Structures are given as C-alpha cells and as structure tokens.
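I opened this entry to log what I looked up, one site at a time. My notes follow the structure.

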Amino acid sequence: MSGSQAEEDRLDSVVPGGGCGMRIEDSVRLSREILHWANRGLSRTDFLREVSKVLMDFTGSDAVEIRLSDGDLHYRWEATRRPKNASRFELVRWTLDDDRTVIPASQGNTDLERLCRDVASRHFDSALPFFTDNGSFWTGDTWAPLCASPVTSPEAHAESLCIGGHYRSLALLRFVVDDQTIGLLHLKSQQRDYFAGEGVELCEGVAQTLGLAVADRRAEAALRERVKELTCLYGIAQIVEQIPISLKEILQRITKLLPPAWQYPEITAACITLDEDSFVTPGFRKARYQQSADIVIDGRRRGVVKVAYLEEKPELAAGPFLVEEEKLIDAVAREVALIVERKEAAEEKARLQGQLIHADRLATIGQLAAGVAHELNEPLGSILGFAQLAMKCPNLPEQAEQDVEKIITASLYTREVIRKLMVFARQMPPKKHQVNLNRVVEDGLYFLEARCTKAGITVVRGLAPQLPDITADPAQLNQILVNLVVNAVQAMPSGGTLTVSTRVSDAYVLLVVEDTGTGMSEEVLGKVFLPFFTTKDVDEGTGLGLAVVHGIVTAHGGSIDVASRPGQGTRFEVHLPLIEAEETREADQDDTPS
Ligand code: ADP
Ligand code: MG
C-alpha cells in the first residue's frame with residue numbers, strides 16, 4: 001500500500017466515538033497550558049501561535065482558527081499542522097448581534113459565515129443534530145449537506161463552508177472575552193467524523209478558558225502599558241526635581257524618556273520642539289506613523305511633542321498607536337507646558353529680584369552720594385568764593401595768579417561732579433513742564449549730529465508722529481539724550497549707526513537709543529548705573545553719565561532698561577510715564593523751594 005493510499009485511508013476512516021478523544025484530565029491540562037501563555041508578556045502573534053499549538057496537540061486537530069476583535073481590529077488567526085505547518089493572520093469583517101456585541105463574522109451568505117454568526121449570537125436551531133446544548137456547532141463531514149438547503153454537490157458544499165476540501169470535520173465554539181467581545185474557535189480535522197458530541201462539549205470548557213486567557217493577556221498588556229506610562233511620567237517628575245538644570249537640559253532628557261514608553265521602543269523616536277529649539281532622539285524624522293501633541297502655554301501654542309515609528313510597525317499590531325499612548329503624549333505635552341511655565345515664572349521672579357536688589361543698591365549709594373555731596377558742597381563754595389576773591393587782589397604775583405586760576409578750574413570741575421552726584425541722588429528736583437519728547441530729541445540731535453558725522457556714524461531718527469506731551473524737565477530730558485548719545489558715539493570708534501526713536505507703549509513714552517558699537521559684557525552691564533563706574537580713560541569718562549540718567553529717569557517716575565551684546569551693540573530704553581505719578585508730583589511740590 002502506497003503512503004498516499006494509507007493517508008487516504010486514514011482520512012476516510014471513521015473514528016469510533018469521534019477521534020477527538022480528549023478526556024477530562026486532558027482538557028484540564030490544556031486549559032492550564034492556555035492560561036500559562038496568557039501572562040508571559042508575549043506579543044499577540046506569539047500568544048496565538050503558542051495557544052494554537054497546544055490546542056492542536058491536545059485535540060489532535062489539523063488546524064485551529066481563532067476569530068477575535070480587539071478594539072477596531074477584527075482578525076482571523078489560523079494555524080495548521082496538516083497539510084503543512086503554517087500560520088496566517090488576516091483582517092475580517094464584523095457584524096453586530098442583537099445585543100450590539102461585535103461578532104467577527106461578515107454579513108456574507110456563505111454557510112460558514114452564517115454558522116459563525118449563529119454560534120456567536122447563539123441563534124441556533126437546537127432541533128438540528130449539529131449543535132450541542134451550549135450552542136457549539138460540529139460536523140463530522142463537511143461534505144455532507146448541512147441542512148435541508150439544496151446543495152448541488154458535496155464538494156460545492158465544502159466550498160460554501162469555506163473550509164476547503166482538506167478538512168472533513170469541524171467544531172465551532174464560542175467564547176467570551178468580556179461583555180463586549182465574543183470570539184470564535186474553530187477546530188478542524190482532515191479526518192471524517194473526527195468530532196463528536198462529548199468531545200466537543202469538553203472543548204467548550206477549553207474555549208471558555210481561551211476567552212479568560214485572552215482577557216488576561218489584554219489586562220496584562222494594558223497594565224504593562226500603564227506601568228510604562230507611569231514610569232515615563234515619574235521620570236519627568238524626577239528630572240524636574242533636579243533644580244540646577246536648565247530648561248533645555250530638562251527637555252532633552254524628557255525626549256529620551258519617550259521611546260521606552262511606547263509599544264515598540266526599538267523603532268520609536270521622539271522630538272520636543274519649544275519655540276525655536278528642538279530636542280530629538282537619534283534618527284528622528286517625519287514618518288508615516290506619527291503622533292503629536294501641542295505644547296500650549298498661556299493659551300498660546302509654543303511647541304509640539306512628536307513620537308514617530310521609524311519603520312513599519314510590526315504587522316498585526318493594534319494601533320498604529322494605542323489609546324493609552326494618545327493619552328500619554330497629551331499628558332507629556334501638558335507636563336512640558338507646566339514645566340516651561342514654572343521655569344519661566346522662576347526666571348522672571350529672579351529677574352525682578354535682581355532688579356530690586358539693583359535698585360536698592362543704587363538707592364543706598366544715592367543716599368551716600370547725597371550726604372557726601374552736601375558735605376562737600378559747602379566747603380567747596382568757600383574754596384571757590386575765596387579763590388575768586390583772591391583773583392581780584394591787586395598786584396597779585398603772576399605765579400600766584402596762575403595758581404589761583406588752577407584752584408578755580410579744579411573747584412568748578414569738582415562742583416560739576418557734585419552737581420551730577422546730586423542729580424543721581426535725586427537732590428536736584430526736576431522743573432517740570434509740558435514737553436514733547438520728540439522736540440527734545442530734535443533739538444538735542446541738532447547739536448550732536450555734527451559730532452556723529454565726524455566719527456563716521458549715521459544717525460537714524462525714528463520719531464513717532466503725534467507723540468503726546470509729558471510732564472518733565474526739558475533740561476534733564478536733554479541731559480538723558482546727551483549722555484546716552486555720547487556713550488553710543490564713544491562705543492563706535494570706527495563708525496556705525498545710531499538710532500534714536502520715540503514711541504508710546506502702554507502708559508509710557510519711550511526714548512530708545514541704540515548703537516552698533518562694542519557692546520558690553522554681562523559684568524559691565526550689571527554696573528553701568530553705579531556712579532563712578534567707567535571702563536574709559538580718565539579724560540574720556542567719569543562714570544557719572546548713566547548714574548545721572550538713572551537719577552533723572554527715577555525722579556520722573558520712569559525706568560530704564562538696557563540690552564547689550566558684546567561686539568554687536570547696545571540699546572537703552574527709557575520709559576517715562578504719560579501721566580505724572582501721584583507720588584512724584586507730591587514729592588516735587590515738597591521739594592520745590594517756594
Ligand atoms: P562713562 O561714559 O563716563 O564711562 P557712563 O555712566 O556714561 O560713564 O557709562 C558707564 C560705562 O558703561 C561706560 O564706561 C561703558 O563701559 C559702559 N557703556 C555705557 N554706554 C555704553 C554703550 N552705548 N556701549 C558700550 N558700553 C557702554
Ligand atoms: Mg558716559
């Protein structure tokens with residue numbers, strides 16, 4: 001007898017009592033095996049492969065098919081032992097039963113699809129011989145007519161069952177994963193009459209275990225995703241705790257935390273963009289599967305968090321991205337927004353504190369300067385007065401006359417220094433009128449422009465038309481302009497551009513003096529308003545120019561900002577209030593001698 005003949009005989013032999021001679025003990029062991037694979041952290045495909053293997057081993061089936069739904073994914077998994085070892089995964093259609101439960105079977109009218117629907121929704125005709133009491137279907141001869149429906153030929157019938165000519169016996173069992181999900185388990189054998197009632201009933205228990213195992217695996221997978229998500233968020237919290245790291249460093253580190261929190265870390269790359277800066281993990285690029293969430297701070301979109309799969313994601317996987325991952329990326333974007341907000345608030349606080357300390361220091365120095373100026377003013381008046389008297393003496397020897405002349409010049413210089421100190425210390429109250437800043441600038445520049453041109457400097461005016469008047473001391477405003485412009489000119493020894501502009505911003509009139517000169521280092525920038533601070537030679541500067549400007553601006557209830565970059569230039573911005581502040585007006589009235 002040839003081998004193929006033996007095979008033929010095997011397939012055609014009628015197995016007494018059904019070939020699926022599973023005993024209770026086998027079904028218990030099988031159930032245990034199935035559950036064992038549920039908590040192994042296997043991918044969906046690996047889980048299905050292992051489970052179908054044990055199902056074939058224990059039931060002696062030649063093929064196992066599992067139909068299931070997972071969210072939007074409806075699939076059919078088939079593993080075969082005969083005719084050859086193989087497995088296949090494909091997407092299937094689905095339909096809803098009366099309870100609106102999803103059934104992975106199509107509305108198609110083949111016998112098999114109809115059977116799947118009947119078994120899944122438990123609509124079956126119990127009068128028919130092929131159903132167990134629990135509603136599982138089985139047949140020992142798929143070629144035989146199923147019911148009274150006219151079937152042209154046995155082969156055509158097998159065709160209409162869609163199970164192919166290889167399988168003569170079929171058992172179709174329903175299992176429950178959760179209240180929304182019904183699965184179908186098909187056991188197939190090439191042997192005729194392989195399944196019989198009792199064997200199928202034992203398999204029903206196994207099918208229920210399969211439902212439990214699937215539910216278990218899903219719960220475990222969900223838990224694993226949740227753990228990854230929490231690990232990621234915890235990691236972010238930890239990064240933020242490390243106080244002395246910069247925002248950039250924080251964002252770079254957060255970016256690195258993202259790929260491990262996704263389903264397929266090996267092919268996942270992440271990118272966080274904030275304003276102009278981008279932080280990426282290696283290989284990040286625009287990809288087919290990509291997910292993003294905006295970073296919104298104070299209602300403004302400041303950046304985006306992106307996660308991309310660099311390669312096609314593994315086939316059969318849910319997604320492209322899990323619902324948890326959608327939520328996670330949103331959570332990360334929100335977290336980043338909070339971090340940026342907090343960091344910026346802290347920086348702003350530090351800046352204000354720095355300003356406060358600076359103002360406080362200037363005020364202290366101001367008091368000292370005022371005291372010294374007062375003390376010196378009196379004796380200086382005497383020195384100058386008596387020197388001038390001495391000059392008037394007749395018959396003064398020439399040498400003595402020259403000496404007295406020197407005393408007078410030195411005293412006048414000292415008086416000027418003291419006057420400046422007093423302006424800085426606000427001991428020279430402004431004589432306020434209604435003035436127009438544009439007018440002050442025009443008049444001032446008229447005298448300064450010649451000096452600029454000589455130094456190869458182009459003067460650009462940007463005066464706002466119809467600039468409102470302010471209440472201020474025009475002579476002092478002129479002093480501000482002169483001091484700022486002279487500094488700018490000195491900072492551009494080989495020429496450049498000086499821009500003087502005015503404008504209104506909120507409740508202030510602004511005077512902006514900008515140069516393209518040497519600029520200042522951070523260290524110099526922190527000291528410019530201190531009296532006697534200078535980086536210039538003795539005959540070039542006394543270090544009182546900006547101290548005086550500061551005194552005048554403060555006396556007018558305004559403020560002054562400076563921004564500078566070494567090698568690029570400097571910009572001074574003077575803010576003068578449009579409406580005179582209450583306190584400065586009162587102070588003026590107190591101070592003004594009647
Ligand atoms: P002085 O001009 O007499 O040195 P200031 O109070 O006017 O005193 O200026 C103090 C210092 O601030 C200067 O010595 C210089 O170092 C710096 N500075 C002021 N304005 C500018 C500017 N426009 N560009 C570069 N540095 C400047
Ligand atoms: Mg100066």
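This is a predicted model: local features need pLDDT of at least 70, side-chain atom pairs count only at pLDDT 80 or more; totals for chains, interfaces and linings use all residues.

**Ligand site.** A polar side-chain atom of Lys-536 lies 2.6 Å from an oxygen atom of the ligand. I then checked Thr-534, where an N or O atom of the side chain is 2.5 Å from an oxygen atom of ligand 1. Gly-545 takes part through its backbone, with an N or O atom 3.4 Å from an oxygen atom of the ligand. I looked up the areas next: ligand 1 taken alone exposes 530 Å², and the protein buries 94% of that.

The shell has 22 residues, and I noted Asn-487, Thr-534, Thr-535, Lys-536 and Leu-546 as those that come nearest. By class I read 9 nonpolar, 11 polar and 2 charged residues around ligand 1. Which elements give two or more residues to this shell? I found H11, helix H13 (545-555) and strand S19 (569-577). H11 gives the most, with 3 residues.

**Helix H13.** Among the buried ones I listed Leu-546, Val-549, His-550 and Val-553. After H13 comes Gly-557, and I read a positive phi near 75° for this glycine.

**Ser-559.** I went on to Ser-559, which is found in strand S18 (residues 559-565). Is Ser-559 buried, partly exposed or exposed? I logged Ser-559 as partly exposed because its relative accessible area is 32%, between the limits of 20% and 50%. Leaving aside neighbours within four places in sequence, Ser-559 is in contact with Val-553, Glu-573, Val-574 and His-575.

**Nonpolar cores.** I returned to H11 by way of the cores. Which residues touch the most other members of the largest nonpolar core? Of its 49 residues, I found Leu-477, Ile-480, Val-485, Leu-498 and Leu-511. Helix H11 (residues 474-490) gives the most to this core, with 7 residues. H11 also gives the most to the shell around ligand 1. I looked at Val-485 separately: beyond four places in sequence, Val-485 is in contact with Leu-445, Leu-448, Cys-452, Leu-498 and Val-513. Apart from this core lies another, of 36 residues, and I noted Leu-55, Val-64, Ala-79 and Val-177 among them. For context, nonpolar side chains tend to be buried together in soluble globular proteins.

**Thr-132.** I picked Thr-132 from the loop between helix H4 (111-121) and strand S6 (137-139). Thr-132 counts as buried because its relative accessibility is 5%, under the 20% limit. I found a polar contact of 2.5 Å between the side chains of Thr-132 and Glu-204. Not counting residues up to four places away in sequence, Thr-132 touches Phe-124, Trp-138, Val-200, Glu-201 and Glu-204.

**Positive phi.** I checked two residues for backbone angles. Most residues other than glycine have a negative phi. Arg-122 has a positive phi near 60°. I placed Arg-122 in the loop between H4 and S6, and recorded it as partly exposed at a relative accessible area of 44%. Asp-506 also has a positive phi, about 55°. I placed Asp-506 in the loop between strand S16 (496-505) and strand S17 (508-515). Asp-506 counts as exposed because its relative accessible area is 71%.

**Met-391.** I looked up Met-391 in helix H8 (residues 323-391) and logged it as partly exposed at 27% relative accessibility. Met-391 and Glu-401 are 10 residues apart in sequence, and I read 6.5 Å between their C-alpha atoms. Beyond four places in sequence, Met-391 is in contact with Leu-396, Glu-401, Val-404, Glu-405 and Ile-408.

**Whole chain.** The chain has 14 helices and 19 strands, and buried residues make up 44% of its 594 residues. Among contacts between residues at least 6 apart in sequence, I read that 66% join residues at least 24 apart. The accessible surface comes to about 31300 Å², with 53% of it on carbon and sulfur atoms.

Note on methods:
Residues are numbered from 1 along each chain as its sequence is written. Chains are lettered from A and ligands numbered from 1 in the order in which they are written. Side-chain values use heavy atoms; hydrogens and water are left out. A nonpolar core is a set of buried Ala, Val, Leu, Ile, Met, Phe, Trp, Tyr and Cys residues joined through side-chain atoms within 4.5 Å. Buried means under 20% relative accessible area, exposed over 50%, partly exposed in between (1.4 Å probe, protein chains only). Helices (H or I, at least four residues) and strands (E, at least two) are DSSP runs, numbered from the N terminus. Contact means heavy atoms within 4.5 Å. Accessible areas come from the Shrake-Rupley method with a 1.4 Å probe; for residues, only the protein chains shown count as cover. A residue is near a molecule or strand if one of its heavy atoms lies within 4 Å of it. A polar contact is a pair of N or O atoms within 3.5 Å; within protein, one must be able to donate a hydrogen and the other to accept it, and residues adjacent in sequence count only if both atoms are side-chain atoms. Ala, Val, Leu, Ile, Met, Phe, Trp, Tyr, Cys and Pro count as nonpolar, Asp, Glu, Lys and Arg as charged, and the others, Gly among them, as polar.
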